Amino acid sequence: MAVIRDMMPAFQLFQPTTTDEALGLLDEYRERAWVLAGGLDSFDWLKDRVKRPAAVVDLGGIEALRAIRPAAGGLEIGAMTTLREVGRHADVRDRYGLLADAADLVASPQIRNQGTLGGNLTQDTRCWYYRDGWNCYRAGGTICYADTPTAMNREHCIIGASRCVAVNPSDTAPALVALDAEMEIQGGGGTRVVAAEDYFVGPDVDIMRMTVLEPGDLLTAVRLPETWAGARFYFEKSRDRQVWDFALASVASAVKIVNGTVEDVRIAVNGVAPTPLRLRASEDAVRGRQLTEEVAARAGEAAVQGVRPLHHNGFKVALLRNLVTRAVRGDEA
Amino acid sequence: MELFQWGSNPWGQETLVRISWDLLYLAFWAGIAFILFHIAYAVVWLPRLARASASAGADAGGSATDVPARIVRHTSAARFFHWVMAAAMIALLITGFFPIVGIQFPWVTIHWISGVLLTISILYHIVHATFFLDFWSIWILPADLQEAWQRVRHQMGQETPAIRKHGKYPLDHKLYHLAVTVAGLAVIGTGLVMMLRIDGALWPRNPYFLSDATWGLMYVLHGLGSVLFVTLTLTHIYFAIRPEKLWITKSMIFGYVDRDRYLEHHDPQRWVVPRDSTEG
Amino acid sequence: MADYKLIGKPYSIADLVAKVTGRAKYAEDFRADGMLFAKLLSSPMPHGRVRSIDTSAAEAMPGVEAILTADDLPPVDAPGEAGLTNEPMYEGEPILAVAAVDETTAANAIEAIRVDMEPLPFAVDPLDSLRPGGSNARLDGNTMVNRELANVKWDDVDWAAIDRGEMQTNGEVAEEWEVGDVEAGLAEADLVIDETVFHQSMGHQPLESRTSMAYWQNGKCYLHTSTQSTQRTHGAAARGIGIAPEDLVLVAEYCGGGFGSKIFGSIQMKIPALLSQKAGKPVMMRITRQEEHFIGRARPGLQGRVKIGFRRDGRITAMDMFFVQDGGPYGMSGDYVVVPDQSTLMYQPLSHRFRGISVYTNTPPRSPQRAPGGLQAVSMFSPLMQKAAKELGIDPLEMIRINAPAGQAKLGRPDENGEQGNVSSAFVVEAADLAEQTFDWQAMRARSGQRNGTRVTGVGVALSSFNAGAWGMDGLLTIRPDGKVYIQQGIGNLGTGSVFDTGRAAMEALKTDWDQAEVIWGDTSKHLPWSIVQAGSNTIHTHTRTNYAAGEDARRKLQEIAAGDLGGSPDDYDVADGRVFRRGARSSGLSFAQAARRAIELGGRFDGHELPEDINAVTTGAATALAGLGLMGVARDNYPTGGRVISHAIGFAEVEVDVETGAVVLKDYRVSTDVGTVINPRGLAAQLHGGGIQGFSAALAQKWVYDRRWGLQVSKRFYTNRPPTILDVPHEQPMAWAAQDKPDPFNPMGAKGVGETAEGAGSGAVLCAIADALGDGYFNRTPLQLDLILTKIEQLPPAFSTLTAHV
């Protein structure tokens, strides 16, 4: 059967106004449902007819999912809060500038107006083979087209690949991992909370999805703990254009310094692995030390231990090392 | 129910991807059905058979005094092979199929390492069995088929010549071994080629080593062999824990069978035991 | 500078409000009763043969009304492109079209069609096709030699060297010429730069895709479409549909960008036209972004080797170049033969040799793209010029001056007598001088190498020259009894504003306010004269000539009518401000309205009933239809010519390169020009900066990526093929521009075009600035993305060679 792109097929559209209503629909349609947030990831899939859900559940009308409020000394951000709102919100800016910086670097101003925090975190990978509808592992096939002798994989994995070499494209994800955020997930089984780090699923565990969300689940909120509020933050995104580009690599770090010594630190990167990656070895190289050039360099080196670049992305190794070094050094981004 | 999963290659041409996972469930339930059937059979038929053999059991000769008290059925090397292979197989089945049924974990590395282990153990077994064991004892020979026919007729209560006792391996063992051999060679042969698709340390990954169609065939054979193993493993475990067969299971653990069992089930002319064959 | 009433003055173009308010109707905004929608079924493979098509399931679907296949189209000779095909030669090439009551039905019908295809050998990199045993993109050959399809393989070439990224120059070529003695020139040089170079292929990506809507009434086809030209597109579209031009009405008042891909853009117009004929209903064919990506044309890439000899004083003694062009599957693009035209002109080498071959590939069809060959020349050569300047210790701007063309400078391939052509004017040294003062080049240069943390500043300068005009078309206007001047424009409204700008030449001739003018354009039923293609940056020069000619003709007729009615000789009268009047006695005269009525009364040549004999038949037809409506100004452009019209731009870029990430930030861009007399400063600024931005795109980001195993492209979306966005443009201060306003001697107002010249200036300057920031940052390939930069800084092994296409 011939393939046609850029032409959305018919599906049932539901526009619930409450979370419960949405959960009911997701439960009813299970695997055949598609959750629509800002639509920036969804519409590509739908228009290209690569993913063909029977029902689309549009969360845009659920006001309750779109708020930023204080919670347990930290902040709780509804999953449907737009990236622009996250980037502009005074409390986010003041206390969790890392997330604000990351949100401000997503895509383009138009996309940030439309795109949501939950969508940014939950979006599918941007591997161009997979997105073009090639029948790869991630699409249910038995091959990774991005890791073959002729593969074009400049924008793919250097760490942690397992058959599939696609990377997680989210900009806000590494920031949330660095902030030790928690994800609130509602589903048939009630509400559960997972650490940001555990929200993402690699292809070694499940090659066909990016997060722990099961059919019927909904990411409803992101909670920022008080622990890392006001720490020294660094976010940098490396990309080809100044705007509207996914990260070739990004780094997010939060450092607590007491008397010139690093009391605690969290460093996360994205665009280099199938999931946002917390760099424990780099953190260990920094924790308990003073922030010198040498310590920063060591953290950078630790970040690239065990990397396995593909044919076209060797540059990402140097990029990752340098970004982590800069994050520790705390350069002006 | 689908037999195969079809997909398209990047040019939109239809290609065989793998077997349909419906076959996994089919294999599982086939195994369970067989077990249930066999339990029923055992309940109905075994007592009758026991009576029949008590009355008509032909003594093929061989006297108890010629036979040691313990007869080695499996050398330590053979047992080692069996259990390594079993462990590898269980690991392969778990890593291969649990993710499909929804229990997800990082499985690929364990799977291929288990596969390599299985391959090594099979290679070892082939060499060992060929040069150090009675090679033909496990293979089905024309006489086995004739005899099987007689047994069936006998069990159906028809007139038959006297039924001889088994050699070292009865026909059902031989059949099982044959099935395992076929399925095993299929999964190992295809599995080794499939190693080219994963990130091996020893060779560059090359999913284009074979054509789409050939790869599809590889995945299908691998899948068919694998689901066959589901059935085979289920039934194997079932027989291993059946009360009347526990003595065989024990022999795979301890290596020997008792003289009584030997004489009861085997024809010493067909499974000739040297006098010094006791072990330990 | 002459004292003009309109020329050189800023004004608002007539369609501005329509555009910003959304009232402007583009092709896809039209509707017609019972209109169907068409969808295309495109090839999933780079080269294949359709064995069979099963449309039964689609035809059984309610709402599906007609299916058009290649068999329904007028035949096209190889290597031409039909529009639909049974032997697709690139991924995304349309095979058939379905018309249905709505787009969803049409799309669902496409999905229900089964096309059985046999894959055929393919090539996406021209070098692969030249390799012994390499497969060809076409079954009938891989190149054209002497206008015949041919099969060229390079048997005696060191392919190992090519694989290392060193182009070899002993392979067979299709084009070859030399002027002067290149070997001697290189021998006498104090410095020889010898490099392998690469320029990427890149799509045109106009924001408006090539959508068309067609319907038939009483045997005539009405076509609403998106095209750069109008009168010239009309003929091409009629030929494509297979009808006489008089049976086609083409409407294209607005065009959301073409960049050369819609000079005619007629290949696909026939599809809705013929589908409509088949279905007996109007058919709208909206082209999606992905379809546009494939069928929307592209610039040919180049792989080559360049040797340039320099004297110690910077003067170029010899240029020797060898190019392989990535030609796409159809036709024959001329970019590779334009490259040496540009280099002979921009650098005025004492000797020059060119060898080249265009090779067919199974990648989207090529067409001219803004400065075809010119952009590639500047992108490839200007960093080499800067490299030489550094080695010789010469200011790179001075290097431009040293080799700059001046006056009626020579250029291009010599004719059979060994004589090169020449340009009408070149004021490059003056443009450099202007920049030196206006932009404070020395202060910019002083910032070179400045460090700001991990960021290093680089500055670059590049000269770009390109075609900017032609001649010999017709002007046509009428002054009607309502007092207005109706200027008929056969050129298109590409979006540059030149359809209005050139109309001002007519009003300038009449010295009358612009608000008294009405420009008629974009609809061939409105009697448009014979015009140039809206391409090649031709319009400003060419149609200021035609419209000035028509204006002068009208002025002469006004003077004659006034003299006839009011006495005296025509020369006693002047024309200005909507009146013809006696010199020195302004009150004695006629308004345009009065004169128009008199012209109608007088008839004959005054109102178009008698026409000049030297005008084109198209103009004769148009003028005949307008005859009697008022006073007609109609004339062929017979003004003197002085050689090829070329404009020049010198771009100056300042970048910051982060040496830890390879990131490039463009801080500033300025451009100084020789574009003749400035006609519309706003339009000029838009072209200079818009062209510059397109140049940044070529230099930094835009590209195609192909998987060679499948011959398929993986960079189909804007976010993967990466054209620049407005935020990639310097925004700390406005980009500056400067024009000398020095008239070209061969245009009544001295005007030259600019659109294409502008692009190379942007690309070349940015590439030179990056090279400068890195000290020795010469990559010899575009786009120059951060992976290449970081690979060089970190001294990593390169992932691909300089010659690798489509990565």
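At what angle do the axes of helix H5 (residues 171-194) of chain B and helix H6 (residues 212-241) of chain B cross? Keep that in mind for a moment while we set the ground rules. This is a predicted model, in which local features need pLDDT of at least 70, side-chain atom pairs count only at pLDDT 80 or more, and totals for chains, interfaces and linings use all residues. Residues are numbered from 1 along each chain as its sequence is written, while chains are lettered from A and ligands numbered from 1 in the order in which they are written.

Now for the helix pair in chain B. The two axes cross at roughly 140° and come within 8 Å. Axes here are lines fitted to C-alpha atoms, for helices over the stretch in contact, with angles running from 0 to 180 degrees between N-to-C directions. Helices (H or I, at least four residues) and strands (E, at least two) are DSSP runs, numbered from the N terminus. The crossing of H5(B) with H6(B) is left-handed, a term used if the near helix is turned anticlockwise from the far one by less than a right angle. Among the residues that meet are B:Ala183, B:Ala186 and B:Val187 in H5(B), and B:Leu221, B:Gly225 and B:Leu228 in H6(B). Residues count as in contact if their C-beta atoms, placed from the backbone, lie within 7 Å. The contact between H5(B) and H6(B) divides into 14 nonpolar, six polar and no charged residues. In this scheme Ala, Val, Leu, Ile, Met, Phe, Trp, Tyr, Cys and Pro are nonpolar, Asp, Glu, Lys and Arg are charged, and the others, Gly among them, are polar.

Let us move to chain A, which is divided into domain 1 (12-59) and domain 2 (68-122 + 167-329). Such bounds come from an automatic or database domain assignment. The centres of domain 1 and domain 2 of chain A, taken over C-alpha atoms, are separated by 26 Å. Their contact takes 15 residues from domain 1 of chain A and 14 residues from domain 2 of chain A. On the domain 1 side, H1 and strand S2 (33-36) of chain A each supply at least two residues, and H1(A) has the largest share, with five residues. By class, that side of domain 1 of chain A has eight nonpolar, three polar and four charged residues.

Chain A also holds an open sheet of five strands in the order S4-S5-S8-S6-S7, with antiparallel pairing. Two strands pair if DSSP finds at least two bridges between them. The edges are strand S4 (68-71) and strand S7 (190-195) of chain A, each pairing on one side only. Neighbouring strands of this sheet are turned by 25° against each other on average, direction ignored. Within chain A, strand S6 (residues 182-187) and strand S8 (residues 218-224) run antiparallel and are joined by five bridges; A:Glu182 has A:Arg223 in S8(A) as its bridge partner. Helix H1 (residues 19-29) of chain A lies across S6 and S8 of chain A, at about 135° to S8(A).

Chain C has three domains in its assignment: domain 1 (30-120 + 210-285), domain 2 (299-469 + 643-793) and domain 3 (472-636). Domain 1 and domain 3 of chain C have centres 38 Å apart, taken over C-alpha atoms, and their contact takes 19 residues from domain 1 and 18 residues from domain 3.

An open sheet of three strands in chain C has the order S26-S27-S28, with antiparallel pairing. Strand S26 (573-576) and strand S28 (585-591) of chain C each have a single partner strand, so one side of each is left without a neighbour in the sheet. The twist averages 35° from one strand to the next. Four bridges pair strand S27 (residues 579-582) of chain C with S28(C), and C:Phe581 stands opposite C:Gly589 in S28(C). Two helices lie across strands of this sheet: helix H16 (residues 539-566) of chain C runs at about 130° to S26(C), and helix H17 (residues 592-602) of chain C at about 50° to S28(C).

Finally, how do the chains meet? The contact between chains A and C takes 36 residues from chain A and 44 residues from chain C. H13(A) gives the most to the chain A side, with six residues.
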